[in-house]
Amino acid sequence: MSGVSVIVPAYNNGPYIAEAIESALRQTVLPDEIIIVDDGSTDGTEQIVKPFLRDNLRYVRQANQGVSTARNTGLDLVKGEYITFLDADDRWRPHMIETQLRLMKAVPELVCCFGNFVRFEHATGELMTDQFQFFPELKDTPFISEPSGAGKVISGEAFPNIIHWGDFPAWLLTMLFRADAIANLRFDRRLIRCQDAHFVLRAFMMGKVGFTEDVLAEVRRHGTNATIDVAMMAVDKLKALECVSEDPLSPRWAGQLDARLLRARFDAAGALVRRGRWTEGREKVLQALRSPGSLGRKTSGALRIGMAAVQRLSSKP
């Protein structure tokens with residue numbers, strides 16, 4: 001028995017969900033249970049899932065409430081020692097569970113571990129660059145190699161080592177969590193996007209984190225992806241970080257979190273200004289200037305917003 005529970009939230013993913021389920025059922029180490037949480041789909045998802053149902057694969061349907069609630073429903077139902085998530089439009093490579101489980105068992109103090117993935121175009125199947133290319137900070141993050149070769153463990157406490165990254169390693173489909181370590185964590189329904197970053201950063205507050213450079217999953221790119229508006233992700237990331245600051249553990253990391261929030265507020269302001277949303281951008285700038293942080297960082301941030309404003313004005317016809 002692997003002790004692994006898989007949560008698959010689904011909303012109108014009928015064209016893709018069979019492939020996701022099949023990738024979970026083709027693992028070299030099989031999960032003990034797979035829970036499909038259908039968040040009120042209207043595209044016949046239930047009929048597609050039915051042929052897969054068995055003792056260790058359950059289907060739960062609920063009224064549409066969003067992906068956070070769907071994942072939380074899964075968290076309330078799982079029984080495994082380890083928990084992982086697979087979005088219904090993505091797919092795992094066959095060694096995903098085996099790779100992450102090996103690392104978690106080799107280092108019992110790990111709260112969770114993460115891995116690499118690639119994106120692919122749904123229309124053509126073309127594979128793109130791996131995700132670790134977008135984490136340049138990973139190369140400078142201190143780590144210890146696990147002696148058996150199962151993976152790497154970030155030295156010291158994970159949260160202060162990762163919170164300053166531009167993007168966070170919060171891709172749930174390559175992560176394995178120790179269930180008892182995250183028993184009190186749930187996804188925040190207030191967040192439309194970046195709920196995963198909020199959830200994972202709070203998990204990182206709780207202890208050791210490991211990773212493997214293996215490509216463990218493939219993320220589908222198609223026209224209905226929730227993260228399709230990349231330009232405005234800075235605003236969503238700021239909201240997630242503000243929610244992280246509400247966590248009971250956040251005072252322990254006040255200095256690091258304040259510095260990251262200052263940067264995120266200027267990033268959000270820049271994204272809004274580039275969209276011509278001047279009033280909202282100005283509000284974020286003022287919020288940043290009132291935030292804790294050095295005069296140098298605030299001056300640098302304000303200059304970035306000034307450049308964004310010039311670019312926006314110069315691009316108007």
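A pocket is an open set of points on a 1 Å grid over the protein atoms alone, where a 1.4 Å probe fits, with protein on both sides within 12 Å along at least five of seven lines. The second largest pocket here has a volume of about 200 Å³, counting the space filled by probe spheres set on the points. Keep in mind that this is a predicted model, where local features need pLDDT of at least 70 and side-chain atom pairs count only at pLDDT 80 or more, while totals for chains, interfaces and linings use all residues. Residues are numbered from 1 along each chain, and side-chain values use heavy atoms, leaving out hydrogens and water.

**The pocket**
- Its lining (residues with an atom within 4 Å of a point) includes Asn 116, Asp 130, Phe 132, Lys 152 and Glu 213.
- That lining splits into six nonpolar, two polar and four charged residues.

**Helix α8 with α9**
- The axes (lines fitted to C-alpha atoms over the stretch in contact) of α8 (residues 254–274) and α9 (residues 278–290) come within 8 Å and cross at roughly 165°.
- The two helices are therefore roughly antiparallel, a label for angles over 145 degrees.

**Helix α8 with α10**
- The axes of α8 and α10 (residues 295–315) also come within 8 Å, crossing at roughly 10°.
- That makes α8 roughly parallel to α10, a label for angles under 35 degrees.
- Nine nonpolar, two polar and seven charged residues make up this contact.

How values were computed: Axes are lines fitted to C-alpha atoms, for helices over the stretch in contact, and angles run from 0 to 180 degrees between N-to-C directions. Helices (H or I, at least four residues) and strands (E, at least two) are DSSP runs, numbered from the N terminus. Angles under 35 degrees count as roughly parallel, over 145 as roughly antiparallel, 65 to 115 as roughly perpendicular and the rest as oblique. Ala, Val, Leu, Ile, Met, Phe, Trp, Tyr, Cys and Pro count as nonpolar, Asp, Glu, Lys and Arg as charged, and the others, Gly among them, as polar.
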